[in-house]
Amino acid sequence: MTWLQTVDKLFPLTVLAAVVLFVAKEIIEAIRRRGDKARKARAIKGLLIEEIELNHWTIGSLRDTLETIEQQHKDDPSTEFALKVDASGGTHFRSYRPDQKGGAGSGRAIPLVHRKQFDTFLPALAELDKSLFEQVRNGYSRIGDLEHIRSSLIAYLAEEDPAEKRHLIAFPSYGLRVLREVDEAIRPLYKSFAGKELQKARIR
């Protein structure tokens, strides 16, 4: 009896062929699923890269505003700071010297903090790639602090009580320190995704 006959006696060729076909299909399906996961992960990385660039712009703008408040108050303690809200709901920082009362003053927009992509895709990342999930979660851990600095700045600028508004003058030293920490937290994540240092700031 040949080995083929022995195998056929123990495992009919039709059964063996079915098993081989099943295993082959499972391997192909596993490769396909792995490929799908990799493509989804790359797409999510691309969206997060854009969101980090948006927040990089927000960090820079808030930094400039806080440094302006600090410097202008140092140069002229009578300088007044205020919040302006435009027709579309956008918030703007304004500073006025005593001789500018009633004028436009100087200032800049206060951009939004962005975390839509993070909030949307973090649960999916937990299923797609555990390592990537932890990396993103750790990198975004300070975005809440960025939102806190923005909302606090807006609250201080909008304050009309002079006693309360004095807190604005002390706020820049704290705010600038937190902004540095947020920037340091997102840079490694960006470099891991984009393969380069974070330099580009995306306005929209």
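**Exercise 1. Find what the side chain of Thr-68 reaches, and describe its surroundings.**

Step 1: The side chain of Thr-68 reaches the backbone oxygen of Asp-64 at 2.7 Å. A polar contact here is a pair of N or O atoms within 3.5 Å; within protein, one must be able to donate a hydrogen and the other to accept it, and residues adjacent in sequence count only if both atoms are side-chain atoms.

Keep in mind that this is a predicted model: local features need pLDDT of at least 70, side-chain atom pairs count only at pLDDT 80 or more, and totals for chains, interfaces and linings use all residues. Residues are numbered from 1 along each chain as its sequence is written, and side-chain values use heavy atoms, with hydrogens and water left out.

Step 2: Thr-68 sits in helix 2; helices (H or I, at least four residues) and strands (E, at least two) are DSSP runs, numbered from the N terminus.

Step 3: check burial. Thr-68 has 18% relative accessibility, so it counts as buried (under 20% relative accessible area; exposed is over 50%, partly exposed in between, with a 1.4 Å probe and protein chains only).

Step 4: list the contacts (heavy atoms within 4.5 Å). Not counting residues up to four places away in sequence, Thr-68 touches Phe-93 and Arg-108.

**Exercise 2. Describe how helix 4 packs against helix 7.**

Step 1: take the geometry. Helix 4 (residues 130-139) and helix 7 (residues 167-194) pack at about 145 degrees, with axes 8 Å apart. Axes are lines fitted to C-alpha atoms, for helices over the stretch in contact, and angles run from 0 to 180 degrees between N-to-C directions.

Step 2: name the residues. From helix 4 come Leu-132, Gln-135, Val-136 and Gly-139, meeting Ala-185, Ile-186, Leu-189, Ser-192 and Phe-193 of helix 7.

Step 3: sort them. The contact has 6 nonpolar, 3 polar and no charged residues (nonpolar: Ala, Val, Leu, Ile, Met, Phe, Trp, Tyr, Cys and Pro; charged: Asp, Glu, Lys and Arg; polar: the others, Gly among them).

**Exercise 3. Is His-56 buried or exposed, and what is it in contact with?**

Step 1: locate it. His-56 belongs to helix 2 (residues 13-75).

Step 2: read the accessibility. His-56 has a relative accessible area of 13%, so it is buried.

Step 3: collect the partners. Leaving aside neighbours within four places in sequence, His-56 is in contact with Asp-183, Arg-187, Leu-198, Gln-199, Lys-200 and Ala-201.
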